[in-house]
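Open the model in your viewer and keep the sequence panel beside it.

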Amino acid sequence: NTEVLVRINPLSSLVEDWREDLVAGFDGSDGFVVPKVETQDELKLLDEILSDMEHSNNQSSNNTGSSHHPKVLLPIATETPLAVLNIASIAQGPRVCAITWGCEDLSAALGSYNTRDANNSGSYLDVFRHCQTMCLLAAKAAGVQAIDGVYQNVRDMDGFQNEANYAKCVGFDGKLTLHPGQISALHKVFEPTREEREEATAIVSMWEQSDGKGVIEFDGKMIDLPHYVRAKKVLARVDDDDEDDSSKEGTIVSTESDKDTNTSKDLEEEEEVFPRVFMGKYFEDLEIGLKLRHFLTRTVTEADNVFFTCLTLNPAPIHLDHELSKGNDSSLSGDGSSSNSGKPLFNSMFTLALLVGMSVPEATHGTTVANLGFSEVLFPKPVYPGDTLRAETIILDRRESKSRPTQGIITLQHVAYNQRGDVVCKATRTALMKKKQAR
């Protein structure tokens, strides 16, 4: 019963590729995540376009007897200063089922140097905490779900759980995740505990038996209408399956103390002693044409070049000899001109290795079985000490493995650019990748 929402490009983008996103994501999705929303008018425009698409789709579906539910929208409602000022109106927009918030784009728009206070346990700076609070208030005022924003450090599970706990305590209905490794931890936080269920069940029962008159006492605390409403919301989080499953933590079916103890011990044994966090994509995720822009960048230094050249026992003077390298520029241009401004070239094998390494987090981290080889490696432009490199990857092909049903073969093209936008390396390789069923 998991809902699928497709993230589209911002409506404010110069190239209106968000329209293509709507078409591509229409079939098989329940709605769309809309970034950088600034006004309710943008949501009204989406509503009109989606209504036309649904009308056309339902007409064609009448022949098959199938029907489609209206698409919902989940705006990211704090990514510009104007959005923050309009967040209450955005939350009340058409098709909005929930709103969430984000601070990275807002930080760039504000010119902020940080989003968190490094000297105060990493808590959000006041302006961004304000955005989080406004997201919660605007959602509740509009009667839609409030979804807390992402936690950027996917390796810091303790920090993620602490932030998820805070979100739950103040009233958020859920939280965005960046990595599959965060999902189970998030479910564990937001699923009511045994104590929370028992207390909520008791409060609801006592309040309804009293017909909601006056104030009642529970466990030494005075209980009135707001406590009853909150208890109902706690019980609403409990899935029907969970209520009937006495083996899960938090159920209140069993009253046998020894059974409770055994369940607790089982859960402790299931906890991973050394949990692994993987960021790569599985075979099914790497569709042909997918383009990944990698977040890692690297300013290469002369020390890198010298260490790598010596490590690989490559004594070529064009990498090491500054005096000889003064003529590198004229040699590379091939026009016969003389120049003394050249400097040592970076070892091209270093450039290739760095390119593949920068591609790992978003593409193959923890999901690759083996690198099967390179079919093409090009170095269109030289790399010099002091250059800053970035990387992109495009999925060129994918096919099933005939002998390994739990794995597949992907063809990737990695491209490295320098700070001027010149392509300095292009490499096409194949890799044996895990499938999701093999997790």
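pLDDT is the predictor's confidence in each residue, on a scale from 0 to 100. This is a predicted model, so colour by that value before anything else. The protein has a mean pLDDT of 82, with 83% of its residues at 70 or more. Next select residues 243–270, where the pLDDT is below 50. Beyond near neighbours in sequence, this stretch makes 27 contacts in the model.

**Helix α7**

Select residues 157–170, which form helix α7. The helix has 14 residues, and at 1.5 Å a residue these should span 20 Å. A distance drawn between its end C-alpha atoms gives 20 Å, which agrees.

Which residues of α7 are buried? They are Met157, Gly159, Phe160, Glu163, Ala164, Ala167 and Lys168. An α-helix has 3.6 residues a turn, so residues three or four places apart point the same way. To see what covers the buried residues of α7, show β5 (145–148), β6 (174–175), α8 (183–190) and α9, which are included in that cover.

Then step to Gly171, which follows α7. The phi of Gly171 is positive, near 125°.

**Ile203 in helix α9**

Move to helix α9, residues 194–209, and pick out Ile203 within it. Is Ile203 buried or exposed? Its relative accessible area is 6%, under the 20% cut-off, so Ile203 counts as buried.

Now show what Ile203 touches: leaving out residues up to four places away in sequence, these are Phe218, Ile223, His227, Tyr228 and Ala231. For one of them, His227, draw the C-alpha to C-alpha distance from Ile203: 7.8 Å, across a separation of 24 residues in sequence.

Conventions. Residues numbered from 1 in each chain as written. Predicted model: local features only at pLDDT ≥ 70, side-chain atom pairs only at ≥ 80, totals over all residues. Heavy atoms only, no water. Contact = heavy atoms within 4.5 Å. Helix = DSSP H or I, 4+ residues; strand = E, 2+ residues; numbered from the N terminus. Buried < 20%, exposed > 50% of the residue type's maximum accessible area, 1.4 Å probe, protein only. Expected span 1.5 Å × (residues − 1).
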